[in-house]
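Please look at the sequence and the structure first.

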Amino acid sequence: MERVEPAHPDARPAIVWLGFIAMCIGMFMAILDVQVVATSLPTIQSALGIDPDQMSWIQTAYLIAEVVAIPLTGLLTRLLTMRWLFVVAIGLFVTASAGCAASGSFGELVAWRVLQGFSGGTLIPSVFSAVFILFPNERQALATTVAGVLAVLAPTVGPIVGGWLTETYSWHWLFLINIVPGIASAILAAFFLPRQPADPSELRHLDGLSLLLMATALTTLELSLKEAPTSGWTSTYVLSLLAICLVSGGVFIARTLRRDRPIVDLGNFVDRNFLVGSTLSFVLGIGLFGSVYLMPVFLAFVRGHDALEIGMTMLVTGIAQLVTAPIAVALEKRLDARLLSAAGFALFAIGVGMSAFQDPRSDYDAMFWPQIVRGVAIMFCLLPPTRLALGTLPADRIPDASGLFNLMRNLGGAIGIALIDTIIYTRSEPLGQGLWARLQAGDIDAATFVGAPLQAILGHHGEFDADTTALLDPLVQTAASVQAINEAWMVVAILTGCALLCVPFARRPAST
């Protein structure tokens, strides 16, 4: 395969790095925005008088727009060039952020969130494609690390940033913090990213029907995954959404594969390394999004911590990532990407599995080492698979491929969270019944796990009286939720470990 060279090999490295750092800042703000808003949804709901059943649309609108925009990155890069795509996208992101902060109603906020999500969605794949377009081979590992650290650090620090801003100032600052960094990164990018020729002919060849089909498939998939855990996977609404997704997605794929200039180049999946790398990206989405989702659920609903306390607990993962990053760069230059990918996913699966043994009293200390293991593993789950997927592709195919690569991670995350919610919703009740049965049989281990008074359980057989039942009921409900969360951790760990099955099918990338 053709090796990717920098767009301007004669450009001064400092200039190239300034442009790239500007792109990384924009990407960081786009990813951070999802997390800081998630922690403060109740505050926004109260301030704008939003109905509780509508509150989730503040996030859903952003995520749907983002997932539609991600695969369009290649098309938009050809149309506008990497430089102007970033400047326009970050400009729209800043404008939408200001609009969100100034919103006075639910409809207004959701409309701005759609624009914010669409513009933010192009920033993430643009950064990862820039790694292989702007830099020569020997600098790509470092550039990938910079982008990777920021990409996984944003969800980690998001809860603490969101909680602090909301408690110290107001919910408006969740959006206002994007403005100054966004403007600064747009100015830097406009000056320091390479100037390349645009291709206005892309507009004349734009396949509007394919665009509509793709947007329909991705939107209905996201909506079905959002509703399935609560409405049921076999409900008419969810099955209808999935049917629309399958039909529109199938027609989109068939139509796209027949066109000379498709809006998304699905032909990239023919490349074995890209297919393996994208599969790893999908599995990483399940593990990464799943772990970042499960920890706040446990800390908020079981331990009763606020957003700031949750953020402080989750900061351990971010610190472990930062410490490991230079080690990952050094090893990535010297060892086979397949070996590092296998080691990273194996370690990440172990770190996820370590969290599957929590009890209702687990807190910072019990979560410390699982977070350390996951934090160390994350960089090895991101850097080598990115090189496997994008490092051997010709430069003109990288923007499309990067969009698909990042889309796979987001889809993995959406499916993983839907699976987690399904486990928690469906397993809590039968697990609770099992705990009641064990307590009524005088099971001391069950009493210890639940946190029940041992004198009320020791030697007991049969039904409890009304007072004891009232005492034990909230403890059993909480313990059942913990057991369901533990099962979700274990399922995510198993799925993450399954990534090891596809690694041997990749070819060894050329040495860097």
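**Basis of the model**

The model is predicted; local features need pLDDT of at least 70, side-chain atom pairs count only at pLDDT 80 or more, and totals for chains, interfaces and linings use all residues. Residues are numbered from 1 along each chain as its sequence is written, and side-chain values use heavy atoms, with hydrogens and water left out.

**Overall form**

The protein has 19 helices and zero strands. Helices (H or I, at least four residues) and strands (E, at least two) are DSSP runs, numbered from the N terminus. The C-alpha trace spans about 80 × 55 × 45 Å along its principal axes. The radius of gyration is 24 Å, which agrees with the value near 24 Å for a compact globule with 512 residues. That radius is taken over C-alpha atoms, and the globule rule is 2.2 Å times the number of residues to the power 0.38.

Of the 512 residues, 56% are buried. Buried means under 20% relative accessible area, exposed means over 50%, and partly exposed lies in between (1.4 Å probe, protein chains only).

**Salt bridges**

Side chains of opposite charge can pair when their charged atoms come close. A salt bridge is defined here as a side-chain nitrogen of Lys or Arg within 4 Å of a carboxyl oxygen of Asp or Glu. By this rule the count is twelve.

| Asp33 | Arg113 | 2.4 Å |

Asp33 and Arg113 meet in a salt bridge. Asp33 lies in helix H1 and Arg113 in helix H5 (residues 106-134), so this pair ties together parts that are 80 residues apart in sequence. Asp33 counts as buried, at 1% relative accessibility, and Arg113 also counts as buried, at 0%.

Asp207 is buried, with a relative accessible area of 4%, whereas Arg255 is partly exposed at 23%. Together with Arg259, Asp207 and Arg255 are linked in a network of salt bridges.

**Aromatic rings**

Rings of Phe, Tyr and Trp (its six-membered ring) pair if their centres lie within 6.5 Å; planes under 30 degrees apart count as stacked, over 60 as edge-to-face and the rest as tilted. The count by this rule is ten aromatic pairs. One of them joins Trp17 and Phe20 edge-to-face, at 5.8 Å centre to centre and 80° between the planes. Trp17 and Phe20 are three residues apart in helix H1 (residues 13-39), so about one helical turn separates them. Phe20 is buried, with a relative accessible area of 0%.

Trp436 and Phe464 form a tilted pair, at 6.2 Å centre to centre and 55° between the planes. Trp436 lies in helix H16 (residues 398-440) and Phe464 in the loop between helix H18 (454-457) and helix H19 (466-497), so the pair ties together parts that are 28 residues apart in sequence. Both Trp436 and Phe464 are buried. Elsewhere, Trp17, Phe20 and Phe135 form one aromatic cluster.

Charges can also be placed relative to rings. A charge sits over a ring if NZ of Lys or CZ of Arg is within 6 Å of the ring centre and within 35 degrees of the ring normal. The charged end of Lys226 sits over the ring of Trp57, 5.2 Å from its centre. The charged end of Arg409 sits over the ring of Phe128, 5.7 Å from its centre.

**Surface and single residues**

Val323 is in helix H13 and is exposed, with a relative accessible area of 54%. Val323 and Val376 are 53 residues apart in sequence, and 8.0 Å apart in space, C-alpha to C-alpha.

Thr81 lies in helix H4 (residues 73-102). The phi of Thr81 is near 80°, a positive value in a residue other than glycine. Thr81 is buried, with a relative accessible area of 4%.

Leu335 lies in the loop between helix H13 (307-334) and helix H14 (337-354), and is partly exposed, with a relative accessible area of 37%.
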